[in-house]
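Here's a quick tour of a predicted model.

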Amino acid sequence: MRITYLFDPLCGWCYGASPALEQLARLDGAVVELAPTGLFAGAAARPMDTQFAAYAWQNDQRIARLTGQPFTETYRSKILGQTGGLFDSAPATLGIVAVGLAEPAREIEALKALQRARYVDGRDNASLEAVADILNDAGFAAAATRVRALDEDLLAVYRRRIDAARSDMRRFGAAGVPALVIGEAAQRRLLPGNLLFGSFDVLQVQLQAA
């Protein structure tokens with residue numbers, strides 16, 4: 001079963017969906033493909049100001065209550081409290097793409113490391129240098145080196161993957177992330193992201209019906 005996971009590494013709800021994503025990846029016969037949408041990347045990035053930080057923290061608390069995923073005070077002070085920076089998911093997305101080029105089977109592991117670094121450890125993964133450091137510390141030395149070099153091949157794959165994810169969002173009418181596209185070729189269909197936050201048994205039933 002092919003499962004395409006539409007996400008953004010700086011999306012708090014995608015972080016909240018991490019436990020379900022890991023369970024999906026462990027299902028027999030399931031192939032999970034990460035599809036970064038660039039929701040907050042590049043031109044879609046925004047300044048981290050006081051108003052946005054307050055909104056993000058309020059939203060994070062909702063996610064924590066629903067999913068049990070931790071958003072620490074360290075994250076609140078070191079990330080949300082450092083206004084004047086940029087909320088840009090391009091560096092973290094490039095990090096995941098770099099891991100995919102070096103060790104494709106470890107992309108979900110890399111995403112988890114980048115999310116934990118931000119939301120638990122308070123390390124700002126919105127810069128290339130920080131992403132490279134996080135990847136290196138998590139055992140992705142080759143990907144870290146590639147992020148620092150930022151070669152044209154990496155950028156080309158990054159653009160292709162975002163274009164493909166955005167094409168899926170348009171094709172299937174996905175209103176946001178996270179979301180799942182299930183199946184192969186003409187049989188593919190969208191599953192709503194809210195299934196990632198409820199009973200995993202219910203999600204499995206929906207997958208089996210695909």
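## Tyrosine 75

Tyrosine 75 counts as buried, because its relative accessibility is 3% and the cut-off for buried is under 20%. You'll find tyrosine 75 in helix 4. Setting aside neighbours within four places in sequence, tyrosine 75 is in contact with Trp57, Asp60, Leu80, Arg118, Tyr119 and Gly122.

## Helix 3

Two of those contacts of tyrosine 75, Trp57 and Asp60, are also on the list of buried residues of helix 3. That list reads Phe52, Ala53, Ala56, Trp57, Asn59, Asp60 and Ile63. As for partners, the buried residues of helix 3 pack against helix 1, strand 3 (46–47), helix 4 (73–80) and strand 4 (86–87).

The length of helix 3 checks out too: with 18 residues at 1.5 Å a residue, helix 3 should span 26 Å, and its end C-alpha atoms are 26 Å apart, so the two agree. Just after helix 3 comes glycine 68, with a positive phi of about 80°.

## The largest pocket

Helix 3 shows up again here. The volume of the largest pocket is about 280 Å³. Its lining has 16 residues, and the closest to the pocket centre are Gly12, Phe40, Tyr55, Asn59 and Phe87. Asn59 is also one of the buried residues of helix 3.

Which helix gives the most to the lining of the largest pocket? That's helix 3, with five residues. Helix 1 (12–16), helix 3 (50–67) and helix 6 (107–119) each supply at least two residues of this lining. By class, the lining of the largest pocket divides into eleven nonpolar, two polar and three charged residues.

## The second largest pocket

The second largest pocket holds about 190 Å³ of space. Its lining is made up of Arg2, Thr4, Glu33, Leu34, Ala35, Arg161, Ala164, Ala165, Asp168 and Arg188. Strand 1 (2–7), strand 2 (31–36) and helix 9 (152–172) are the elements that give two or more residues to this lining.

Helix 9 has the largest share of the lining of the second largest pocket, at four residues.

## Glutamate 107

Buried or exposed: which is glutamate 107? Glutamate 107 has a relative accessible area of 9%, so it is buried, given that the cut-off is under 20%. Glutamate 107 lies in helix 6. Leaving out neighbours within four places in sequence, glutamate 107 touches Leu34, Ile96, Val99, Gly100 and Arg161. Of those contacts, Leu34 and Arg161 also line the second largest pocket.

## The nonpolar core

In soluble globular proteins, nonpolar side chains tend to be buried together. In this model, the largest nonpolar core has 71 residues. The residues with the most contacts inside this core are Tyr5, Leu6, Leu24, Leu135, Leu180 and Leu203. The largest share of the core, eight residues, comes from helix 9.

Take leucine 180 as a place to look around. Not counting residues up to four places away in sequence, leucine 180 touches Ile3, Thr4, Tyr5, Leu24, Arg189, Leu190, Leu191, Leu196 and Leu203. Among these, Tyr5, Leu24 and Leu203 are on the core list with leucine 180, while Thr4 also lines the second largest pocket.

Methods:
Residues numbered from 1 in each chain as written. Predicted model: local features only at pLDDT ≥ 70, side-chain atom pairs only at ≥ 80, totals over all residues. Heavy atoms only, no water. 1 Å grid on protein atoms, 1.4 Å probe; cavity = no way out; pocket = protein on both sides within 12 Å on 5 of 7 lines; lining within 4 Å. Points joined across faces, edges and corners; volume = space filled by probe spheres on them. Nonpolar A, V, L, I, M, F, W, Y, C, P; charged D, E, K, R; others polar. Core = buried A, V, L, I, M, F, W, Y, C linked by side-chain atoms within 4.5 Å. Buried < 20%, exposed > 50% of the residue type's maximum accessible area, 1.4 Å probe, protein only. Contact = heavy atoms within 4.5 Å. Expected span 1.5 Å × (residues − 1).
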